[in-house]
Amino acid sequence: HNVFPKIQHIDLLNKGEFRIRKEISFTDLTNGLLNADLERIQKLMHDKLAVNWNKSDRGDVLFGLQKDFPEAIRYSFPNNEAYRILVDQNHIKVIGAGIKGLHFGLVTLMHLFKMNIPLPSADILDYPIVAHRATFQYLPVPMTPKSKERILEYIDLKYNEIVVRSSDYREIDDPKIRDGIKKYYDFIKSFQIEPIPLLWINSDPSWEEGFLLENEPFVFQGDSLKFNFQRLVNLDSSRPVLRSKDNGGIVYLPEKDYRIVSVSPPVIKRVKNGSIPLNTTVYLTGDIIDGRAHRFSKACPSEELAYEEFDRISELIINTLHPQKLHVNHDELGLVNSDSRCKKRNMKDYELAAYQINRMRDIIKKHDPAVDMIMWADCINPYHNAGLKMLENTGDLIYKDIIMAHWKYSAENFQQRDLLEMGTKYFLDRGFRTYCSPWDHLVNHQAWEKILLENAGNPNFMGLMHTEWYSDDRSYGLSETAEINWTGRTWLTR
């Protein structure tokens with residue numbers, strides 16, 4: 001068992017051994033549909049084994065779809081990602097239930113050849129138990145040798161979806177960036193793997209949710225008014241107001257009485273011929289943004305400029321990359337319903353949260369109804385951050401076709417593991433398609449493995465999504481997640 005994830009079924013036969021020799025020919029019954037896999041095998045044969053791997057009409061190795069072979073060796077496969085490998089003394093036949101199954105069969109064949117030993121005659125049947133085996137990975141643009149090797153590692157572990165995390169999607173209208181991203185997508189797709197773009201909603205800091213200051217006193221130092229917060233919001237949706245008295249007096253006029261010189265750092269200058277005296281106290285009402293207010297930030301649900309930018313970029317991504325899914329992030333909610341843009345709408349916190357999620361989904365569907373939206377589930381999950389923010393009702397107001405990526409990284413005691421299970425049940429019971437997302441610690445993987453085994457038969461249970469939040473070599477749990485997704489078991493559970 002040098003193949004990982006482990007093969008589901010191996011029946012050893014008494015038909016001799018297939019020996020690695022100097023010349024091995026192959027017959028491709030698909031007419032070139034899996035050239036990327038063939039090139040990898042050819043490179044292995046040439047560089048590592050000194051074997052000539054040549055195409056032939058009557059090859060030692062035959063591979064194709066089930067329909068390409070005689071009925072006598074056809075098989076009732078459990079799904080279209082299944083494959084069968086028949087080994088005897090003279091030939092190896094790789095039979096795929098579908099083109100993806102054939103791809104995985106060739107991956108296994110490559111690992112069998114890599115052992116460089118005689119292969120015993122055998123009937124191998126292999127298949128995954130879940131349909132979506134995803135990973136969430138930062139990949140730099142342009143592609144580097146290191147990132148290419150990382151993708152090949154996912155291919156070898158039989159993942160079939162990669163969420164390609166990059167901040168460069170916002171620059172996809174730049175030809176160099178666009179070509180760099182497309183190079184990733186073409187490479188990933190050539191191995192029958194689905195690349196998934198990642199685009200979150202906010203980009204300009206002034207579009208973030210801030211909090212409202214009301215009649216806060218500040219003193220002009222000569223002609224200047226400076227502040228100890230990081231940003232003043234000055235948009236059509238939210239203009240600051242200066243008054244001469246607390247909640248009353250003169251309302252000073254922009255450009256006539258003062259000018260906003262900078263919003264970050266915030267600086268206001270009085271107009272010398274205006275109504276504001278030197279060194280006077282004024283009272284500010286306005287929205288401010290300061291990273292010290294909360295560890296996490298998000299776009300204000302009531303800032304239309306954020307939706308316009310999300311609309312523009314998502315259209316470019318969809319029309320350029322033609323994805324099946326688009327991941328919008330949207331985890332770790334910060335401030336909720338805290339600035340004037342939201343407060344004036346008189347909506348409840350969970351209504352605002354649901355409004356923003358539904359707007360993103362509507363924008364994506366406008367550009368291509370077939371593209372599904374994925375989001376991190378914590379701000380919907382009442383057993384995670386939604387519960388902490390009193391947003392438990394959000395899930396009742398959002399579209400049920402949004403795919404949830406359910407995560408929770410603590411699993412060190414029974415209470416924490418119960419929260420993982422209750423979150424999974426919450427989404428599946430409401431009809432949401434759901435990924436579960438392990439990370440880092442093996443006890444966390446063990447908890448998710450139990451959840452997978454309990455829910456693998458549920459049609460809304462997508463599978464596990466391996467997550468990485470670093471651009472270095474950390475990959476804790478990568479192989480564990482691959483094994484759980486493929487076989488439903490690892491060495492963590494016996």
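This note comments on a sheet, its helices and several aromatic contacts in a predicted model.

1. The strands of a sheet pair through backbone hydrogen bonds, in either a parallel or an antiparallel manner. Here, eight strands form an open sheet with parallel pairing, in the order 10-9-8-23-22-21-20-19. Strand 10 (194-197) and strand 19 (325-327) are the edge strands, each pairing on one side only. On average, neighbouring strands of this sheet are turned by 25 degrees against each other, direction ignored.

2. Helix 4 (residues 175-189) lies across strand 9 (161-165) and strand 10, and runs at about 150 degrees to strand 10. Helix 11 (residues 478-487) lies across strand 8 (134-138) and strand 23 (461-467), at about 170 degrees to strand 23.

3. The structure holds 16 aromatic pairs. In one of them, the ring centres of Tyr75 and Phe77 are 5.7 Å apart and the planes stand at 50 degrees, so the pair is tilted. Tyr75 is partly exposed, with a relative accessible area of 35%, whereas Phe77 is buried, at 15%.

4. Trp407 and Tyr409 also form a tilted pair, with 4.8 Å between centres and 35 degrees between planes. Both Trp407 and Tyr409 are buried. Elsewhere, one aromatic cluster comprises Phe26, Trp53, Phe63 and Phe113.

5. Charged ends also sit over rings. That of Lys158 sits over the ring of Trp486, 5.5 Å from its centre; that of Arg417 sits over the ring of Phe414, 4.8 Å from its centre.

Note on methods. Residues are numbered from 1 along each chain as its sequence is written. This is a predicted model: local features need pLDDT of at least 70, side-chain atom pairs count only at pLDDT 80 or more; totals for chains, interfaces and linings use all residues. Side-chain values use heavy atoms; hydrogens and water are left out. Two strands pair if DSSP finds at least two bridges between them. Helices (H or I, at least four residues) and strands (E, at least two) are DSSP runs, numbered from the N terminus. Axes are lines fitted to C-alpha atoms, for helices over the stretch in contact, and angles run from 0 to 180 degrees between N-to-C directions. Contact means heavy atoms within 4.5 Å. Rings of Phe, Tyr and Trp (its six-membered ring) pair if their centres lie within 6.5 Å; planes under 30 degrees apart count as stacked, over 60 as edge-to-face and the rest as tilted. Buried means under 20% relative accessible area, exposed over 50%, partly exposed in between (1.4 Å probe, protein chains only). A charge sits over a ring if NZ of Lys or CZ of Arg is within 6 Å of the ring centre and within 35 degrees of the ring normal.
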